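I opened this entry to record what I looked up, feature by feature, in the structure shown below.

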Amino acid sequence: MEQNFNLHTHTTRCHHAVGRDEQYILAAIEAGMKTIGFSEHMAYPHVEIAAERMYNRDVQEYLHTMYQLKDKYKDQIEVLVGFEIEYYDDQKDYLLKMKECCDYMIIGQHFRYFDGYNYDYFNNDEDVLMYANQIQSALELGLTRYIAHPDFFMLGRRQWTPACDKASQIIVEAAKKYHAVLEINLNGLRYGKLYYQDGLAYPYPHPEFFKHVTKENKVCFGYDAHHPTTLLEHQRIDICLDLLKDYDFNFLEDIHEIL
């Protein structure tokens, strides 16, 4: 299967990606993509988390540079400028303001609080439900219609429980209601298979989550690129399709449906 776009792309400003901005664009062109969307990790006022997000001082430079590149490459590829956000009730006004500055946002909920508590380090059943509700709130507020790695919570736990089913249902139903796309994240493969209670599995994409996804949901692949050549690794799609071969997905064909 081929997909001619990627909306989940990072830059060195997040402090855990490599490569120049233009290298990501050139790699996307070489990969035959029609659209490359940059979604750098959103900075939040008055807090800096090293190696996790861009710094506040870099936000305006990021927007300025990306819109310059958007214009420079407009005859070769569509470049979209966005942010990967996390939703917090006390930051919603800031997020709504920042939404006006970009083409789109995606939600990738990594933290329970904007100043720390990583879901990928550890999360319990209460945390999993909070995770789902944060995603639902972002969709309700109209911040985004793209849910990055919706099964990310499985990185910080080793057992699938009824709470995981409930959280998955909340996310999937919210995606249906607000016409949001669910991402099959291609970057979770980098962790290798981890030791879960019921056997070895990749943290994401996690098959148990996608059991809840129906034909009413739209899905797409997200490279979650932190290295330009990741955009050339089409084999990641083949591996994920094999992992989820028992599911009949409704793939998003035109990204402009969700922008």
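Predicted model: local features only at pLDDT ≥ 70, side-chain atom pairs only at ≥ 80, totals over all residues.

**Surface patch**

I found a nonpolar surface patch formed by Tyr 113, Tyr 117, Tyr 121 and Phe 122, which together have about 480 Å² of accessible area. I placed Phe 122 in the loop between β6 (116-118) and α4 (125-140).

**Helix pair α4 and α5**

How do the axes of α4 and helix α5 (residues 162-177) cross? I noted that they come within 9 Å and cross at roughly 5°. Angles under 35 degrees count as roughly parallel, so α4 is roughly parallel to α5. I then listed the contacts. On the α4 side I recorded residues including Val 128, Leu 129, Tyr 131, Ala 132, Ile 135 and Leu 139. On the α5 side I recorded, among them, Ala 163, Cys 164, Ala 167, Ile 170, Ile 171 and Ala 174.

**Annotated domain**

I checked the UniProt record, an unreviewed entry, and it lists residues 7-185 as "domain: PHP". I noted for this span 36% helix and 18% strand. Its end C-alpha atoms lie 11 Å apart.

**Salt bridges**

How many salt bridges does the structure hold? I recorded 14. One pair I looked up is Lys 70 with Asp 103, whose side chains meet in a salt bridge at 2.9 Å, N to O. I located Lys 70 in helix α2 and Asp 103 in the loop between α3 (92-99) and β4 (104-107), so the pair ties together parts that are 33 residues apart in sequence.

**Backbone exceptions**

For His 46 I noted a positive phi, near 70°, in a residue other than glycine. I placed His 46 in the loop between β2 (35-41) and α2 (59-72).

Which form does the peptide bond from Tyr 204 to Pro 205 take, cis or trans? I recorded cis, with omega near 5°. I found Pro 205 in the loop between β10 (199-201) and α6 (207-210).

Key
Residues numbered from 1 in each chain as written. Heavy atoms only, no water. Patch = residues over 30% accessible without salt bridge, like charges linked within 9 Å, V, L, I, M, F, W, Y side chains within 5 Å. Areas by Shrake-Rupley, 256 points an atom, 1.4 Å probe, with all protein chains shown as cover. Salt bridge = Lys/Arg side-chain N within 4 Å of Asp/Glu carboxyl O. Helix = DSSP H or I, 4+ residues; strand = E, 2+ residues; numbered from the N terminus. UniProt positions renumbered as here; feature names shortened; annotations may be inferred. Axes fitted to C-alpha atoms, helices over the stretch in contact; angles between N-to-C directions. Parallel < 35°, antiparallel > 145°, perpendicular 65-115°, else oblique. Contact = heavy atoms within 4.5 Å.
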